[in-house]
Amino acid sequence: MMSLFCMATSVLYAQTYEQWMERGLQAAEQDSLEQAEKCFKQALESSPNDYRNALVLSNLGKVQEMMYWRDTQQTRLADNALQSYSLALGMAPESVPLLMSRAKFYLALGMTGKARLDLTNVLDIDSRHLEARALRAYANCQERRFDEAKMDYERVLEQEPLDEKARLGMAVLCQETGKLAEAIERMTQLVETVTDHAEYYSMRAAMYAENHQPELALLDQDKAVSLQPGNTDFLLSRAYLHKQQGNKRLALADFERAIALGVPRASLKKELKECK
């Protein structure tokens, strides 16, 4: 009789754990993040030694990360998410999805050194993981470890020659290391492949400007503005190009247009005065 009671209690316990997990997933799908967080925590409390807790902690970390981005980037929420990811990795240290989740969050928080360590662990497990290698290259660039970044980008492009992020990364890397001609060539190849990406034209415009080719810079910035006429960053970049070339009338027109789109007039007080 006692054994039947224990069996019934065990089944009920397992069902409760699964119910909390299911409720948490449903709440997350409905964007009820606080409710999802509570449900995942209840699942952990109901069965602290369950072998599935790494997955629950991973889901909890994702929910807490979403809460961080939604709630004006409160440090407490970021710490909660990182703690959940770390606890999950304590249970499943070779989980590539978990390592990638924490690494991406580290990168988003600007914690590039810690992200690089997680991405290196992923590559130790799977040396052909393209996304991990591309992200590690980016992290290395941010830390000015340019030689290591170059090696990673080259490995990505060996596996996937048309990988857009790696091609862009190599162009930016060339720009950062002063190889402007190569940077422009790589950006040109990318622009010819992805013809409607306004950001790429604007990036190449900056490279042309840095390489003392203002006419070509202006042509690219015109293209960026034509593709995204409401983008104030593109308008301001073009305004400064006009201003540098002595065309105050066109510069003033772009500054005024950016103001009409929401840029505070006070922030451009000096520029407006110089263009009149």
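This is a predicted model: local features need pLDDT of at least 70, side-chain atom pairs count only at pLDDT 80 or more; totals for chains, interfaces and linings use all residues.
Residues are numbered from 1 along each chain as its sequence is written, and side-chain values use heavy atoms, with hydrogens and water left out.

Let me begin with a pair inside one helix, where helices are DSSP runs of H or I with at least four residues, numbered from the N terminus. Lys-41 and Glu-37 form a salt bridge whose closest N and O atoms are 3.6 Å apart, and both residues belong to helix 2, residues 33-46, where they are four residues apart, about one turn of the helix. For exposure, buried means under 20% relative accessible area, exposed means over 50%, and partly exposed is in between, computed with a 1.4 Å probe on protein chains only. Lys-41, at 38%, is partly exposed, while Glu-37, at 12%, is buried.

The next pair spans separate elements. Arg-116 and Glu-143 meet through their side chains in a salt bridge of 2.7 Å, N to O. Arg-116 sits in helix 6 (residues 112-125) and Glu-143 in the loop between helix 7 (130-142) and helix 8 (146-159), so this pair ties together parts that are 27 residues apart in sequence. Arg-116 is buried at 16% relative accessibility, and Glu-143 is partly exposed at 29%.

What do the side chains of Arg-133 and Asp-152 meet in? They meet in a salt bridge, at 2.9 Å from N to O. Since Arg-133 lies in helix 7 and Asp-152 in helix 8, the pair ties together parts that are 19 residues apart in sequence. Arg-133 is buried, with a relative accessible area of 5%, and Asp-152 is buried too, at 3%. Elsewhere, salt bridges with shared partners join Glu-34, Arg-70 and Asp-71 into one network.

I will finish with Arg-204, which is found in helix 11, residues 198-210, and which counts as buried because its relative accessibility is 10%. If we leave aside its neighbours within four places in sequence, Arg-204 is in contact, meaning heavy atoms within 4.5 Å, with Ile-184, Met-187, Thr-188, Val-191 and Asp-220.

Definitions and conventions:
Helices (H or I, at least four residues) and strands (E, at least two) are DSSP runs, numbered from the N terminus. A salt bridge is a side-chain nitrogen of Lys or Arg within 4 Å of a carboxyl oxygen of Asp or Glu.
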